[in-house]
Amino acid sequence: MPTSSPVRPRARPAPGPDRTGGVEPRRHVARRCTVPAAGRRGTLPVREDAAVSADDAIPTEPAPRGPDLTDAERVARARAFADRMRTRRTVRDLARDPVPLDAVREAVRAAASAPSGANVQPWRFVVVTDPAVRRRIREAAEAEEREFYGRRAGEEWLGALAPLGTGADKPFLETAPVLVVVLEVHASDTEPKPYYAKESVGIAVGLLLAALHEAGLATLTHTPSPMRFLTEVLGRPRNERPFVLVPVGLPAPGARVPAITRKPLDEVLVEV
Ligand SMILES: Cc1cc2nc3c(=O)[nH]c(=O)nc-3n(C[C@H](O)[C@H](O)[C@H](O)COP(=O)(O)O)c2cc1C
């Protein structure tokens with residue numbers, strides 16, 4: 001169980017010569033910035049020595065340029081990424097085998113690069129490996145889920161879940177070697193008010209799942225309902241609201257997933 005709050009990622013590593021055109025690496029520090037529209041101040045990460053625009057208000061740096069590719073190479077890369085993402089599946093039967101925690105940390109780093117409303121970065125990622133904490137999470141989640149499946153879900157919701165074969169038992173919360181609990185961070189004495197918190201955290205979770213998949217790890221996007229108990233079990237402050245719980249591991253031997261389909265592209269893609 002974490003005993004202290006993680007430090008917000010205010011400063012970034014200094015860029016190397018490849019990003020700055022050979023200039024000396026720059027020092028990055030946090031600077032107080034006014035958060036617009038809410039009438040309160042928050043600390044946003046900006047670089048102290050970044051170039052400053054004419055009105056001396058907005059520090060800037062060169063926009064990063066992607067690799068110089070031909071059109072065909074761009075299409076091929078996008079297609080290859082889509083093909084890899086198509087092989088991601090929610091795996092509910094996870095092995096107990098350990099996974100490299102550094103891969104999980106790197107995936108969190110990818111998630112934390114997500115865009116966010118006003119760059120407030122309203123997320124926290126708690127990586128749980130302690131078996132006793134995982135057991136407590138399982139017990140609390142199953143209590144909520146029994147209530148959900150037994151009473152709260154309703155016929156329509158249960159009908160939608162039926163093809164997935166899900167139920168109130170959540171053994172994966174203990175068998176998965178790692179649980180990543182993603183929390184949405186709201187305003188407090190130390191945290192600024194977030195803007196578009198759900199959209200921001202949702203994008204971050206998308207990157208998290210993609211990065212873990214790229215690392216060859218299986219994930220399960222889990223939302224025990226309600227999941228307020230996670231804040232307490234993890235000893236997090238009240239302004240951190242559980243968003244999703246992601247067990248991470250390897251598929252158990254013989255694990256199977258529901259044979260579901262994706263909507264065809266021409267159904268989800270509209271070009272105007
Ligand atoms: C926001 C969200 C919440 C979800 N909650 C659960 C959950 O609580 N339990 C579960 O077994 N699967 C959950 N899922 C997984 C979905 O059922 C799954 O993504 C969907 O059936 C598609 O399958 P796939 O991920 O294997 O492609 C959730 C997915 C999302 C995006």
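## A strand pair

Val 127 stands opposite Val 180 in strand 6. Strand 5 (residues 123-128) and strand 6 (residues 178-185) run antiparallel and are joined by six bridges. Because five of its six residues are buried, strand 5 is largely enclosed by the rest of the structure.

## The nonpolar core

The largest nonpolar core holds 43 residues, and those that touch the most other members are Leu 179, Val 180, Val 181, Val 182, Leu 208 and Val 248. At least two residues of this core come from each of several elements, among them strand 5, strand 6, helix 4 (131-152) and strand 8 (240-249), while helix 7 gives the most, with eight residues.

Leaving aside residues up to four places away in sequence, Leu 179 touches Val 128, Arg 134, Ile 137, Leu 173, Leu 245 and Pro 247.

## Around the ligand

The residues that surround the ligand include Arg 89, Arg 92, Leu 164, His 222, Val 257 and Ile 260. Sorted by class, this shell has five polar, three nonpolar and two charged residues.

## Confidence of the model

The protein averages a pLDDT of 85, and 80% of the residues score at least 70.

Where pLDDT is low, the predicted coordinates should not be read in detail.

Conventions. Residues are numbered from 1 along each chain as its sequence is written. This is a predicted model: local features need pLDDT of at least 70, side-chain atom pairs count only at pLDDT 80 or more; totals for chains, interfaces and linings use all residues. A residue is near a molecule or strand if its C-beta atom, placed from the backbone, lies within 6 Å of it. Ala, Val, Leu, Ile, Met, Phe, Trp, Tyr, Cys and Pro count as nonpolar, Asp, Glu, Lys and Arg as charged, and the others, Gly among them, as polar. A residue is buried if 20 or more other C-beta atoms lie within 10 Å of its own, exposed if 12 or fewer, and partly exposed in between; C-beta atoms are placed from the backbone. Helices (H or I, at least four residues) and strands (E, at least two) are DSSP runs, numbered from the N terminus. Two strands pair if DSSP finds at least two bridges between them. A nonpolar core is a set of buried Ala, Val, Leu, Ile, Met, Phe, Trp, Tyr and Cys residues joined through C-beta atoms within 7 Å. Two residues are in contact if their C-beta atoms, placed from the backbone, lie within 7 Å. pLDDT is the predictor's confidence in each residue, from 0 to 100.
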